[in-house]
Amino acid sequence: MRYRLTFFAGLALGYVLGTRAGRERYEQLKKSARQVAQNPAVRNTAESAAQQGRVFAGKAYHVVSEKVGDHVPESVAGRVRSLRERNANGAGPDDWGTSNT
């Protein structure tokens, strides 16, 4: 009960302080967030992190498919083979709308 009371007290305090800050402060925070997002250093970092994620996901995909390839049903194995062929041929987007770029 004490935790609920503390939570609701914090919620009420946050609401009151948030409403006092008003629309101007919200617009100020929004403008700051937009400036940070448009910063070239931030954009480059986000892009390189996404690229590294794609590389690691590709490596994990190959390791997992090699290790469990013989232990999955034929329907799943066929799907994996078709995806491998598609990726090897440099095809565009897959069934989920993502691309290999």
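**Fold and confidence**

Analyst: In this predicted model, the elements of the protein chain run α-α-α from the N terminus on.

User: How many helices and how many strands does the protein chain have?

Analyst: The order of elements, read from the N terminus, is α-α-α. The count for the protein chain is therefore three helices and zero strands.

User: Which element has the highest mean pLDDT?

Analyst: For the protein chain as a whole, the mean pLDDT is 78, and 82% of the residues reach 70 or more. Among the elements, helix H3 (residues 74-88) has the lowest mean, at 76, whereas the highest mean, 86, belongs to helix H2 (residues 40-68).

User: Where is the kink in H1 centred?

Analyst: Helix H1 covers residues 2-38, and a straight helix of its 37 residues would reach 54 Å at 1.5 Å a residue, yet its end C-alpha atoms are only 44 Å apart. H1 also has a kink of about 90°, and the residue on which this kink is centred is Gly22.

User: Is Phe7 buried or exposed?

Analyst: Buried residues make up 3% of the 101 residues in the protein chain. Phe7 has a relative accessibility of 51%, and because exposed means over 50%, Phe7 counts as exposed.

User: What kind of aromatic pair do Phe7 and Phe8 form?

Analyst: The count comes to one aromatic pair. In this pair, Phe7 and Phe8 lie 5.3 Å apart, centre to centre, with 70° between the planes. Because an angle over 60 degrees counts as edge-to-face, the pair of Phe7 and Phe8 is edge-to-face.

Terms used: Residues numbered from 1 in each chain as written. Predicted model: local features only at pLDDT ≥ 70, side-chain atom pairs only at ≥ 80, totals over all residues. Heavy atoms only, no water. Helix = DSSP H or I, 4+ residues; strand = E, 2+ residues; numbered from the N terminus. Buried < 20%, exposed > 50% of the residue type's maximum accessible area, 1.4 Å probe, protein only. Phe/Tyr/Trp six-rings, centres within 6.5 Å; stacked < 30°, edge-to-face > 60°. pLDDT = per-residue confidence, 0-100. Expected span 1.5 Å × (residues − 1). Bend = angle between axes of the 7 residues up to and from the residue.
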